[in-house]
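This report describes selected local features of one protein model. Please consult the sequence and the structure shown below while reading.

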Amino acid sequence: MQFEMLYSKIHRAQVSDANLNYVGSITIEKNLAKSAKLLAGMKVEILNINNGERFSTYVIYGDKKGEICLNGAAARKAQVGDIIIIVAYATYSQEELQSYQPTIVQVGANNEILSITSEV
């Protein structure tokens, strides 16, 4: 049996930009994305704390410190300054769940990393 479980999340990030004229995706500062074990092209769910929107897109790496930019159609789902949670899921076997540890990245002002834990 396979189980879809939380793989990683960036908790309470602040949207720093929205670019309607880009093809699509969410741009996440490369160091922040890698700290959350998010790969370029990886599917993520975006949960908008401000307006309740929940939608899917994919990750691209950005170079600007603290950058969280929604691109294309996703730019209509949030405004600059909105607080979001970025979540990725993965499929695990029963055996893999014996050592299951998701990556939880808590961020503060300007999306700087405050902590990285593995507690759900």
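A nonpolar surface patch is formed by Y22, V23 and Y58, which together have about 320 Å² of accessible area. Patches here consist of residues with over 30% relative accessible area and no salt bridge, with like charges joined within 9 Å and nonpolar side chains (Val, Leu, Ile, Met, Phe, Trp, Tyr) within 5 Å. Accessible areas come from the Shrake-Rupley method with a 1.4 Å probe, and for residues only the protein chains shown count as cover. V23 lies in the loop between β2 (17-19) and β3 (25-29); strands are DSSP runs (E, at least two residues), numbered from the N terminus.

The model is predicted: local features need pLDDT of at least 70, side-chain atom pairs count only at pLDDT 80 or more, and totals for chains, interfaces and linings use all residues. Residues are numbered from 1 along each chain as its sequence is written, and side-chain values use heavy atoms, with hydrogens and water left out.

| Residue | Relative accessible area | Class |
|---|---|---|
| V23 | 78% | exposed |
| A73 | 61% | exposed |
| K77 | 31% | partly exposed |
| E53 | 29% | partly exposed |
| A74 | 8% | buried |

The UniProt annotation "binding site", from an unreviewed entry, covers T57, G72, A73 and A74. These residues span 18 positions in sequence, yet no two of their C-alpha atoms are more than 10.0 Å apart, so they gather at one spot. UniProt positions follow the numbering used here, feature names are shortened, and annotations may be inferred rather than shown by experiment. A73 is located in the loop between β6 (68-71) and β7 (83-93), and A74 lies in the loop between β6 and β7 as well. Not counting residues up to four places away in sequence, A74 touches S25 and F55, contact meaning heavy atoms within 4.5 Å.

N71 belongs to strand β6 and is buried, with a relative accessible area of 2%. Its neighbours within four places in sequence aside, N71 contacts N19, Y22, G24, S25, I26, T27 and I60.

The structure holds one salt bridge, defined as a side-chain nitrogen of Lys or Arg within 4 Å of a carboxyl oxygen of Asp or Glu. E53 pairs with K77, their closest N and O atoms being 3.4 Å apart. The pair links distant parts of the chain, 24 residues apart: E53 is in the loop between β4 (43-48) and β5 (54-62), and K77 is in the loop between β6 and β7.

How values were computed
Helix = DSSP H or I, 4+ residues; strand = E, 2+ residues; numbered from the N terminus. Buried < 20%, exposed > 50% of the residue type's maximum accessible area, 1.4 Å probe, protein only.
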